[in-house]
Amino acid sequence: MGIWQCPVCAAPLDIIETGLCCSSGHQFDRAKEGYTNLLLANQKRSADPGDNRDMLSARRDFLQAGYYQPLAEEILAQCAAGGDEGLLLDIGCGEGYYLDYLLQHLPQWRGAGIDISRQALRLAGKRKMARAQLGIASSKRIPLISGLFDRIVTVFAPIDAAEIHRLLKDQGKFILVTPGAEHLHELKAEIYQQAQLHELAETPLGFVLYQQETVQFPMVFANAKDLENLLAMTPFVYKLDAKVREGLLARKSFTVQAEFLISVYQKAPNDE
Ligand SMILES: C[S@@+](CC[C@H](N)C(=O)[O-])C[C@H]1O[C@@H](n2cnc3c(N)ncnc32)[C@H](O)[C@@H]1O
Ligand SMILES: [Zn+2]
């Protein structure tokens with residue numbers, strides 16, 4: 001069964017040789033990397049929305065070096081709990097690190113990833129993930145069929161609670177990863193005059209908290225390239241003074257705390 005719905009008329013989309021097509025004839029071509037562009041021109045606020053090429057390749061190289069693997073392992077444990085097989089969706093999947101990791105470790109599961117950035121899906125498509133379908137789409141209006149997903153995962157990306165509620169099965173779980181209060185604090189202290197702690201996530205409307213945990217671990221940077229990638233993939237890139245940057249990259253070793261909050265939500269019971 002297909003999982004996508006037409007962004008124009010909301011009819012189910014069938015898989016055809018060149019991409020996806022609805023019964024009214026709206027067609028969406030599949031790119032050579034394997035993703036389909038389902039973002040309509042009137043849904044874009046800029047010509048090329050979402051993260052850009054430099055941020056995405058920095059994030060891919062940083063993640064591929066394994067720095068956030070302890071986080072990926074915890075997300076995997078949350079996805080796998082209580083389900084031997086199913087369908088999972090990664091909203092704001094970026095270049096696909098977490099979706100790829102999850103599907104490699106959950107051989108009975110199928111997955112989908114959406115992101116508003118074309119470059120993100122180009123890189124995600126190049127991963128040639130088995131059992132994954134990829135679409136360019138906004139998290140505010142996701143062209144997927146309602147009620148299909150057993151797990152929805154979002155890591156550091158914008159969410160729309162109503163859309164997630166619509167897409168999740170009644171017994172499904174929404175796994176939201178946000179920065180923990182102290183995430184990258186040593187780095188922020190070098191960059192900002194007054195480093196603020198991250199604010200923690202609030203329960204999205206229509207959901208109840210099922211479980212919450214903090215994942216913390218130190219990251220030791222002995223390699224300027226990895227630290228450079230971390231700087232380039234975060235909002236620090238916009239704030240960073242050239243001198244501070246030089247000083248940071250010249251250090252022989254720099255230890256930075258990673259801290260993530262993993263919040264697992266279920267749909268609130270219907271009180272009608
Ligand atoms: C900080 S990155 C995180 C990417 C990935 N989840 C990860 O952790 O590696 C945020 C991602 O959200 C995407 N994004 C931003 N606004 C979006 C929107 N409205 N709908 C879908 N994706 C969006 C960006 O293009 C980017 O890939
Ligand atoms: Zn249509």
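Residues are numbered from 1 along each chain as its sequence is written, and chains are lettered from A and ligands numbered from 1 in the order in which they are written. In this predicted model local features need pLDDT of at least 70, side-chain atom pairs count only at pLDDT 80 or more, and totals for chains, interfaces and linings use all residues, while side-chain values use heavy atoms, with hydrogens and water left out.

Helices (H or I, at least four residues) and strands (E, at least two) are DSSP runs, numbered from the N terminus, and two strands pair if DSSP finds at least two bridges between them. Strand S7 (residues 132–136) is parallel to strand S4 (residues 36–37), with two bridges; Thr 36 is bridged to Gly 135 of S7. S7 is also parallel to strand S6 (residues 109–115), through five bridges, and Ala 112 has Gln 133 of S7 as its bridge partner. Together with helix H4 (residues 118–126), S6 and S7 form a right-handed β-α-β unit (with the strands pointing away from the viewer, the path from the first strand over the helix to the second runs clockwise).

Cys 6 is buried, because its relative accessibility is 2%, whereas Cys 9, at 35%, is partly exposed (buried, under 20% relative accessible area; exposed, over 50%; partly exposed, in between; 1.4 Å probe, protein chains only).

In polar contacts (pairs of N or O atoms within 3.5 Å), an oxygen atom of ligand 1 is 2.7 Å from a polar side-chain atom of Asp 115, and an oxygen atom of ligand 1 is 3.0 Å from a polar backbone atom of Asp 51. A polar backbone atom of Ser 139 lies 2.8 Å from a nitrogen atom of ligand 1.

Ala 10, not a glycine, has a positive phi of about 70° and lies before strand S1 (14–16). Leu 184 has a positive phi near 55°, and its relative accessibility of 4% makes it buried.

Technical notes. A polar contact is a pair of N or O atoms within 3.5 Å; within protein, one must be able to donate a hydrogen and the other to accept it, and residues adjacent in sequence count only if both atoms are side-chain atoms.
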